2 protein chains.
Amino acid sequence: MNLKEYIESMLPAIETELQNQVARLNTERTAPFYEMLAYHLGWMGEGVGKEATGKRIRPLMVLLAAASYDANWRSALPAAAAVELAHNFSLVHDDVQDNSERRRGRLTVWKKWGAPMAINVGDALFVIAHQAILDLTKTHPAPTVVRAASILQDTCLDLTRGQFLDMSYEKRTDLTIEDYFPMVGGKTSALIAACMRIGALLGGASEAEQEAYRQFGYHLGLAFQIQDDILGVWGDESLTGKSAASDLVEGKKSLPALYGLGKQGKFAERWKQGSIAKNEVKSIAAQLENEGGKSYAEEAATQATEKALEYLRQANPRGAAGESMLVLANALLNRKQ
Amino acid sequence: MNLKEYIESMLPAIETELQNQVARLNTERTAPFYEMLAYHLGWMGEGVGKEATGKRIRPLMVLLAAASYDANWRSALPAAAAVELAHNFSLVHDDVQDNSERRRGRLTVWKKWGAPMAINVGDALFVIAHQAILDLTKTHPAPTVVRAASILQDTCLDLTRGQFLDMSYEKRTDLTIEDYFPMVGGKTSALIAACMRIGALLGGASEAEQEAYRQFGYHLGLAFQIQDDILGVWGDESLTGKSAASDLVEGKKSLPALYGLGKQGKFAERWKQGSIAKNEVKSIAAQLENEGGKSYAEEAATQATEKALEYLRQANPRGAAGESMLVLANALLNRKQ
């Protein structure tokens with residue numbers, strides 16, 4: 001099998017597992033509650049379909065990691081569902097916290113049903129994530145299940161830590177690149193690291209292989225986020241599909257922006273004066289590039305990518321699934337093979 | 001030992017366990033985040049102390065239930081901390097959802113730090129609850145830990161169901177007593193039932209005893225809530241400490257109110273016209289009593305109490321801890337011995 005074939009057989013299985021997990025709420029009195037979760041997950045309501053579900057990258061990572069040690073990936077499906085549900089819990093709460101009105105081209109849960117209901121929808125996704133991972137007892141010994149659940153929960157605490165840092169940075173102008181990694185480590189990398197580690201655990205990898213897979217996921221998440229940050233400031237609008245340099249307008253604490261703030265040059269001076277308007281974006285992006293923000297971020301992305309690939313080699317994934325994981329990593333990092 | 005002596009040795013141990021669990025967040029970068037949880041739990045900030053921590057009734061229930069089968073209750077401490085953290089997660093999110101400005105005489109978390117931070121504080125309490133219960137692996141075999149975690153998680157889903165029903169009732173006037181039990185079953189009884197069941201499980205009770213203890217907790221929670229509902233409409237302000245009949249002013253879907261709505265008499269007619277003012281409360285409470293709302297609720301509380309005590313007998317708790325559980329139940333139900 002190649003990556004495409006893996007994805008084609010895994011995606012429908014992931015969707016079925018997710019639907020079975022969330023069906024816990026689909027009872028007479030709570031059917032409208034179920035529908036809120038089903039809407040967010042892309043199964044119901046306007047704009048339903050592939051665009052609305054998201055790419056299900058995280059559960060694919062769990063299954064590929066498990067398969068790369070010759071395990072039957074189907075036995076890891078409850079864990080795959082769990083990480084996707086945990087990811088979606090954080091999205092639903094994020095949207096309330098950030099006041100975001102749209103997600104994947106559709107109205108957010110809070111925009112449709114109000115913030116109090118959306119908080120509860122996020123809570124339910126969170127609970128079902130934890131219930132899902134305990135369903136591993138059907139195919140794995142209890143100590144392995146406790147280990148997997150423990151990894152997921154530690155990761156969820158990292159998510160709340162990252163979220164705290166992100167929110168606490170909003171009003172600060174004294175930040176530097178030092179402040180970037182703990183935030184992105186929690187918000188983006190921790191869950192990808194957990195996907196890899198849980199998959200390897202369930203696949204029967206050794207402790208050292210699990211740890212290498214975790215590190216692979218961590219640095220993959222980091223490289224991916226930094227690349228996204230670079231595109232957010234200097235990206236080609238026609239390629240990225242989002243308004244170029246919108247991250248500057250939104251005041252996002254991206255790695256290039258934090259680099260510029262730490263430099264305390266002209267970029268930092270302008271940033272501290274308040275919101276950046278759309279018509280200033282080009283010149284401010286050029287200023288930041290001049291001060292070295294772009295090349296610094298590109299170098300950081302390269303380093304993270306190299307570390308990720310080195311750890312993947314150490315993890316020693318086997319066979320076609322191992323090959324496919326490498327292809328997936330390269331695709332996510334926009335690297336030519 | 002009697003109940004008082006049990007409480008005196010258990011409360012400090014519960015507090016220490018809670019503090020150790022929450023200390024996970026007390027690291028350099030997230031210390032201010034830790035402080036938000038510590039404030040809510042009554043350990044820091046203005047008004048710190050016994051009033052601010054709450055009574056820790058739920059963890060006491062876990063420990064007493066475990067001790068009533070001769071187990072060393074100290075080995076159940078992680079589970080005791082877990083239920084208290086899960087309870088507090090729901091309080092923090094409730095306060096955001098209900099826009100409540102005060103809790104236990106102090107400003108609520110969202111009132112102090114804003115709703116986005118409060119959502120994250122609730123999320124962290126929730127994660128730590130799940131981490132805490134997995135700490136049972138230090139003293140219990142993995143299958144028991146998975147069972148305890150599973151009970152806690154099923155209960156947390158019940159909490160979100162109850163919360164959904166509560167919120168969805170806000171705008172409805174077509175409710176009856178039928179709608180009461182699923183809501184209160186989720187919001188109040190489910191967690192108390194879980195405390196009893198997890199305690200019994202960890203104490204080494206048989207399946208039948210665990211189930212009886214669970215039912216005891218469920219009906220105890222129900223009886224307690226109905227009594228609270230009665231006091232909320234007809235209570236003596238000087239005894240309850242809260243403004244008499246405030247539940248009518250707040251439009252709370254209490255059991256007496258739902259009974260009155262189902263009757264479709266004068267009470268229901270007035271209710272449907274909108275908010276009740278303070279100066280109407282006495283006459284509306286009298287009208288509801290006339291229509292049978294008070295005696296219906298009193299009868300329901302009596303029935304739930306009797307069921308609770310019957311299930312406690314079936315659970316067959318042993319020794320001084322078993323006696324103390326009966327004393328605690330009677331105290332919660334305001335019954336003379």
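This is a predicted model: local features need pLDDT of at least 70, side-chain atom pairs count only at pLDDT 80 or more; totals for chains, interfaces and linings use all residues.

Biologist: What makes Y69(A) buried or exposed?

Modeller: The term buried requires 20 or more other C-beta atoms within 10 Å. Y69(A) has 24 of them within 10 Å, and therefore it is buried. The C-alpha atoms of Y69(A) and E209(A) are 10.0 Å from each other, although 140 residues separate the two along the chain.

Biologist: How do you know whether A190(B) counts as buried or exposed?

Modeller: The same cut-off of 20 applies. A190(B) has 23 C-beta neighbours inside 10 Å, so A190(B) counts as buried. This residue belongs to helix α9 of chain B. Setting aside neighbours within four places in sequence, A190(B) is in contact with T155(B), D158(B), L159(B), G162(B) and G185(B). Between the C-alpha atoms of A190(B) and Y218(B), 28 residues apart along the chain, the separation is 6.2 Å.

Biologist: Why is helix α13 (residues 255-263) of chain A called largely enclosed by the rest of the structure?

Modeller: Seven of its nine residues are buried, and therefore the helix is described as largely enclosed. Those buried residues are L255(A), P256(A), A257(A), L258(A), Y259(A), G260(A) and L261(A). They pack against α9 (180-203), α10 (207-234), α14 (266-272), α15 (281-290) and α16 (293-315) of chain A. After α13(A) comes Q264(A), which has a positive phi near 55°.

Biologist: At what angle do the axes of helix α5 (residues 77-98) and helix α9 (residues 180-203) of chain B cross?

Modeller: The axes of α5 and α9 of chain B cross at roughly 170° and come within 10 Å. Angles over 145 degrees count as roughly antiparallel, and so α5(B) is roughly antiparallel to α9(B). On the α5(B) side, the contact is made by A79(B), V83(B), A86(B) and H87(B), while α9(B) contributes L191(B), A194(B), C195(B), I198(B) and L202(B). Sorted by class, this contact has eight nonpolar residues, one polar residue and no charged residues.

Biologist: What makes the relation between chain B and chain A that of a two-fold axis?

Modeller: Chain B is superposed on chain A by a rotation of 180° with 0.0 Å of shift along the axis, at an RMSD of 0.0 Å. That is the relation of a two-fold axis. Of the residues of chain B, A142(B) comes closest to this axis, with its C-alpha at 2.7 Å.

Biologist: How do you know that the copies meet through the same surface?

Modeller: Of the interface residues of chain B, 100% are also interface residues in chain A, so the copies meet through the same surface. In this interface, 38 residues of chain B are in contact with 38 residues of chain A. The elements of chain B giving two or more residues to it are α2 (31-40), α5, α7 (115-134) and α8 (142-169). The largest share, 16 residues, comes from α8(B). By class, the side of chain B that touches chain A has 22 nonpolar, 12 polar and four charged residues.

Biologist: What confidence values does the predictor give the complex?

Modeller: The complex receives an ipTM of 0.95 and a pTM of 0.96. For chain A, the mean pLDDT is 94, and 96% of the residues reach 70 or more.

Key:
Residues are numbered from 1 along each chain as its sequence is written. Chains are lettered from A and ligands numbered from 1 in the order in which they are written. Axes are lines fitted to C-alpha atoms, for helices over the stretch in contact, and angles run from 0 to 180 degrees between N-to-C directions. Helices (H or I, at least four residues) and strands (E, at least two) are DSSP runs, numbered from the N terminus. Angles under 35 degrees count as roughly parallel, over 145 as roughly antiparallel, 65 to 115 as roughly perpendicular and the rest as oblique. Two residues are in contact if their C-beta atoms, placed from the backbone, lie within 7 Å. Ala, Val, Leu, Ile, Met, Phe, Trp, Tyr, Cys and Pro count as nonpolar, Asp, Glu, Lys and Arg as charged, and the others, Gly among them, as polar. Copies are superposed by least squares on the C-alpha atoms of residues with pLDDT of at least 70 in both. A residue is buried if 20 or more other C-beta atoms lie within 10 Å of its own, exposed if 12 or fewer, and partly exposed in between; C-beta atoms are placed from the backbone. pLDDT is the predictor's confidence in each residue, from 0 to 100.
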